[in-house]
Amino acid sequence: MSQSQLSYARYGKDNVRLFKVRREENGMQHITEMTVCTLLEGDIEESYTKADNSPVVATDTQKQTVYVLAKQNPVDPPELFAAILGQHFVDTYSHIHVAHVKIVVHRWSRMIVDGEAHPHSFLRDGTDKRTIEVVARRGSGITIKSGIDGLLVLKSTGSAFYGFHRDEYTRLPETWDRILSTEVQNSWQWKQFRDVEQVRKEQDKFNKCYEAARQITIDTFAKENSPSVQATMYNMCDQILAIAPDTTDIEYTLPNKHYFEIDLSWFKGLKNNGKDAEVYAPQSDPNGLIHCRVSRKEPKAKL
Ligand SMILES: O=c1[nH]c(=O)c2[nH]c(=O)[nH]c2[nH]1
């Protein structure tokens with residue numbers, strides 16, 4: 001008898017690239033570019049353990065399904081498209097119980113030409129991505145997590161780090177003025193959806209929340225006098241929870257991309273430290289890495 005048993009299995013197609021144009025009668029065009037990943041779970045064990053391919057919805061079939069459903073449905077907001085796609089797999093194949101759909105949306109912003117929004121020309125005005133993770137599970141509805149990835153930001157003052165624990169391993173001096181730079185990855189988890197119809201009914205909130213979360217991140221980073229990455233990210237989470245009541249928790253992952261001062265006093269006594277610092281050495285590694293998840297407090301039960 002074999003000593004092995006399959007304890008985890010999901011499979012699908014990754015990096016499905018998709019571009020869709022929506023054309024209005026008046027000449028205005030709207031575009032979406034995204035990269036999709038679909039992964040299926042269910043009664044697929046024998047494809048691994050017995051080389052029986054009969055339960056396998058081929059990864060190529062999954063890719064073709066992405067294209068067909070993108071033709072038949074709106075792809076914006078991407079949360080709705082991911083929900084439609086995930087639900088399609090569990091509705092269509094009785095032996096598939098869970099569908100995971102991840103979407104990465106690439107930024108294309110409408111060009112302003114001669115002071116006016118151009119009807120069909122766009123530019124990449126940021127390399128950050130909008131991210132969506134949907135899980136459609138037969139019998140228990142749809143979960144959606146939305147987020148941002150790769151938003152690179154830097155401030156050259158307005159950031160401090162002092163009062164941290166000190167012991168015999170500590171070398172880092174306290175600072176009341178430092179450079180702060182990070183690459184934002186965050187996400188907001190929506191309360192569970194019953195079905196695709198509920199996602200469709202509530203679709204307006206997805207783009208609004210994405211725009212608001214991106215703006216809160218940028219505004220807070222710029223305006224706040226940051227006491228630490230930890231306190232700044234908590235502040236961002238708190239604001240997103242406040243403006244999006246249907247979210248349950250917010251996560252941030254922020255690398256602290258260090259910019260070191262360089263001592264140039266060896267060269268004719270050049271002053272380049274503290275208040276005289278102008279030339280810095282950006283560090284590619286190592287970097288700090290700060291995570292948190294902030295959840296909505298349950299309302300206190302009335303006695
Ligand atoms: O904002 C910061 N948080 C830390 O935990 C930390 N640790 C460190 O060395 N520098 C910083 N900065």
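1. A pocket here is an open set of grid points with protein on both sides within 12 Å along at least five of seven lines, and its lining residues have an atom within 4 Å of a point. The model is predicted. In the largest pocket, 25 residues form the lining, and those nearest the centre are Leu-172, Pro-173, Thr-175, Arg-178 and Tyr-259. The volume of the largest pocket is about 800 Å³.

2. Which elements each supply at least two residues of the lining of the largest pocket? They are H6, strand E10 (259–261) and strand E12 (288–295). E10 gives the most, with 3 residues. Sorted by class, the lining of the largest pocket comprises 11 nonpolar, 8 polar and 6 charged residues.

3. The second largest pocket holds about 630 Å³ of space. Its lining also counts 25 residues, with Ile-31, Thr-32, Asp-76, Val-105 and Trp-108 nearest the centre. Two or more lining residues come from each of strand E1 (11–23), strand E2 (29–42), strand E3 (96–106), strand E4 (109–113), strand E6 (129–137) and H5. E2 gives the most to this lining, with 5 residues. By class, the lining of the second largest pocket has 10 nonpolar, 5 polar and 10 charged residues.

4. The protein is divided into domain 1 (6–139) and domain 2 (151–191 + 205–303), so that domain 2 is given as two segments under an automatic or database domain assignment. The C-alpha centres of domain 1 and domain 2 are 32 Å apart. In the contact between them, 7 residues of domain 1 meet 5 residues of domain 2. The lining of the second largest pocket takes at least three residues from each of domain 1 and domain 2.

5. How many cavities of 30 Å³ or more does a search of the whole structure find? The search finds 1. The largest cavity has a volume of about 40 Å³, and its lining is made of Leu-180, Thr-182, Phe-221, Val-229, Thr-232 and Leu-254. Strand E8 (180–190) and H6 each contribute at least two residues to the lining of the largest cavity. That lining has 4 nonpolar residues, 2 polar residues and no charged residues.

6. The helix pair H5 and H6 deserves a separate point. The axes of helix H5 (residues 204–223) and helix H6 (residues 229–243) come within 10 Å and cross at roughly 145°. The crossing of H5 with H6 is right-handed. On the H5 side, the contact residues are Ala-212, Ala-213, Ile-216, Thr-217, Thr-220 and Phe-221; on the H6 side, they are Asn-235, Met-236, Gln-239, Ile-240 and Ile-243. The contact of H5 with H6 is made by 7 nonpolar and 4 polar residues, with no charged residues. Phe-221, named in this contact, is also one of the residues that line the largest cavity.

7. The bond from Asp-76 to Pro-77 is cis, with omega near 0°, and Pro-77 is found in the loop between helix H2 (59–72) and helix H3 (78–92). Asp-76 is also among the residues nearest the centre of the second largest pocket. The bond from Asp-285 to Pro-286 is cis as well, with omega near -10°. Pro-286 lies in the loop between strand E11 (280–282) and E12.

8. Where does Asn-15 lie? Asn-15 is in strand E1, and its phi is near 60°, a positive value in a residue other than glycine. As background to this point and the previous one, most residues other than glycine have a negative phi, and most peptide bonds are trans.

Definitions and conventions: Residues numbered from 1 in each chain as written. Predicted model: local features only at pLDDT ≥ 70, side-chain atom pairs only at ≥ 80, totals over all residues. Heavy atoms only, no water. Axes fitted to C-alpha atoms, helices over the stretch in contact; angles between N-to-C directions. Helix = DSSP H or I, 4+ residues; strand = E, 2+ residues; numbered from the N terminus. Left-handed = near helix turned anticlockwise from the far one by under 90°. Contact = heavy atoms within 4.5 Å. Nonpolar A, V, L, I, M, F, W, Y, C, P; charged D, E, K, R; others polar. 1 Å grid on protein atoms, 1.4 Å probe; cavity = no way out; pocket = protein on both sides within 12 Å on 5 of 7 lines; lining within 4 Å. Points joined across faces, edges and corners; volume = space filled by probe spheres on them.
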